[in-house]
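I opened my notebook to look around a new structure. Come along and check each entry against the picture.

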Amino acid sequence: LASTSQGHFLPERMLVEALNYMMSCISLAVTWLQLKPHAMDLATQVLFPVLCFTPADAELWECDPIEFIRTCYDIMEDCTSLRV
């Protein structure tokens with residue numbers, strides 16, 4: 001996950017699975033103690049950039065706002081989308 005903050009490519013599906021794994025780890029006290037020192041870095045360098053409005057989002061919004069809304073609220077992508 002650290003490589004994504006440095007601009008390296010990571011497939012979206014792999015990033016989704018890594019974040020799902022981290023969510024599972026946070027719910028357990030033993031693994032939360034391991035993640036806690038890195039929580040701020042994870043939030044600022046991984047989660048925040050994923051949730052930000054990107055230039056690609058802006059372009060889609062300008063060209064086709066209906067498609068933008070559909071992609072943001074597509075029920076079928078809830079399991080594989082980063083923003084859900």
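**Entry 1: two helices side by side**

I began with a pair of helices and listed who touches whom: Asp57, Leu60, Trp61 and Cys63 in H5 meet Pro65, Glu67, Phe68, Ile69 and Thr71 in H6. For me, contact means heavy atoms within 4.5 Å. I sorted the residues of this contact into six nonpolar, one polar and two charged. My sorting counts Ala, Val, Leu, Ile, Met, Phe, Trp, Tyr, Cys and Pro as nonpolar, Asp, Glu, Lys and Arg as charged, and the others, Gly among them, as polar.

Next I looked up the axes of helix H5 (residues 55-63) and helix H6 (residues 65-72), which come within 5 Å and cross at roughly 130°. That angle makes H5 oblique to H6. Angles under 35 degrees count as roughly parallel, over 145 as roughly antiparallel, 65 to 115 as roughly perpendicular and the rest as oblique. The axes are lines fitted to C-alpha atoms, for helices over the stretch in contact, and the angles run from 0 to 180 degrees between N-to-C directions.

**Entry 2: ground rules**

I noted that this is a predicted model, where local features need pLDDT of at least 70 and side-chain atom pairs count only at pLDDT 80 or more, while totals for chains, interfaces and linings use all residues. Residues are numbered from 1 along each chain as its sequence is written, and side-chain values use heavy atoms, with hydrogens and water left out.

**Entry 3: the whole chain**

How many helices and strands does the chain have? I found six helices and zero strands. Helices (H or I, at least four residues) and strands (E, at least two) are DSSP runs, numbered from the N terminus.

I also wrote down that buried residues make up 15% of the 84 residues in the chain. Buried means under 20% relative accessible area, exposed over 50%, and partly exposed in between (1.4 Å probe, protein chains only). Among contacts between residues at least 6 apart in sequence, 52% join residues at least 24 apart.

**Entry 4: H2 and H4**

I moved on to helix H2 (residues 12-26) and helix H4 (residues 39-51), whose axes come within 13 Å and cross at roughly 130°. That makes H2 oblique to H4. Which residues meet here? On the H2 side I listed Leu15, Leu19 and Met22, and on the H4 side Leu42, Val46, Leu47 and Val50. This contact divides into seven nonpolar residues, no polar and no charged.

Is valine 46 buried or exposed? Valine 46, found in helix H4, has a relative accessible area of 5%, so I marked it as buried. Leaving aside neighbours within four places in sequence, I found valine 46 in contact with Leu1, Thr4, Leu15, Leu19 and Asp41. Valine 46 and leucine 15 are 31 residues apart in sequence and 9.4 Å apart in space, C-alpha to C-alpha.

**Entry 5: Thr4, a partner of Val46**

Threonine 4 counts as partly exposed because its relative accessibility is 23%. Beyond its neighbours within four places in sequence, threonine 4 touches Leu10 and Val46. Last, I noted that threonine 4 and proline 49 are 45 residues apart in sequence and 9.4 Å apart in space, C-alpha to C-alpha.
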